Amino acid sequence: MPQDTHSSVMAQAEHFMAQPHKHLIAGQLDAGRPDGRIDVRNPATGAVIASIADGSTADVDAAVAAARDAFTRADWAGLTPARRAQWL
């Protein structure tokens, strides 16, 4: 990868990681628990590289229920693995 392309990709990744992130549950963004966020650290340096929503038990339950529903619905379950890969 040329150096200028690498620098551009790294800058875009750093910008993305600097944004606060939420949970995506059943197509909706959710901020998670109001009392906290979780810092994501670079394992090589220990520097904070991102901040993610801190989920509650209810958030996990909602995410699992949404995933189960999405997996069993005919519109997803009926797709071939190749077609699923295109969506992902």
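**View 1. Asp75 is partly exposed in this predicted model.** Its relative accessibility is 49%. Partly exposed lies between buried (under 20% relative accessible area) and exposed (over 50%), with a 1.4 Å probe and protein chains only. The side chain of Asp75 meets that of Arg73 in a salt bridge, 3.1 Å from N to O. A salt bridge here is a side-chain nitrogen of Lys or Arg within 4 Å of a carboxyl oxygen of Asp or Glu. Residues are numbered from 1 along each chain as its sequence is written, and side-chain values use heavy atoms, without hydrogens and water. Local features need pLDDT of at least 70, side-chain atom pairs count only at pLDDT 80 or more, and totals for chains, interfaces and linings use all residues.

**View 2. Asp69, Arg73 and Asp75 form a network of salt bridges.** The structure holds two salt bridges. Asp69 and Arg73 pair through their side chains at 3.7 Å, N to O. Asp69 is partly exposed at 41% relative accessible area. Arg73 is partly exposed too, at 39%.

**View 3. Strands β4 and β5 form a hairpin.** Strand β4 covers residues 37–41 and runs antiparallel to β5, with five bridges between them. Strands (E, at least two residues) are DSSP runs, numbered from the N terminus. Two strands pair if DSSP finds at least two bridges between them. Arg37 has Ala53 in β5 as its bridge partner. Six residues separate the two strands, and Gly46 in the turn has a positive phi of about 80°.

**View 4. Strand β1 runs parallel to β5.** Two bridges join β1 (residues 20–21) to β5 (residues 48–53). Pro20 stands opposite Ser51 in β5.

Note on methods. Helix = DSSP H or I, 4+ residues; strand = E, 2+ residues; numbered from the N terminus.
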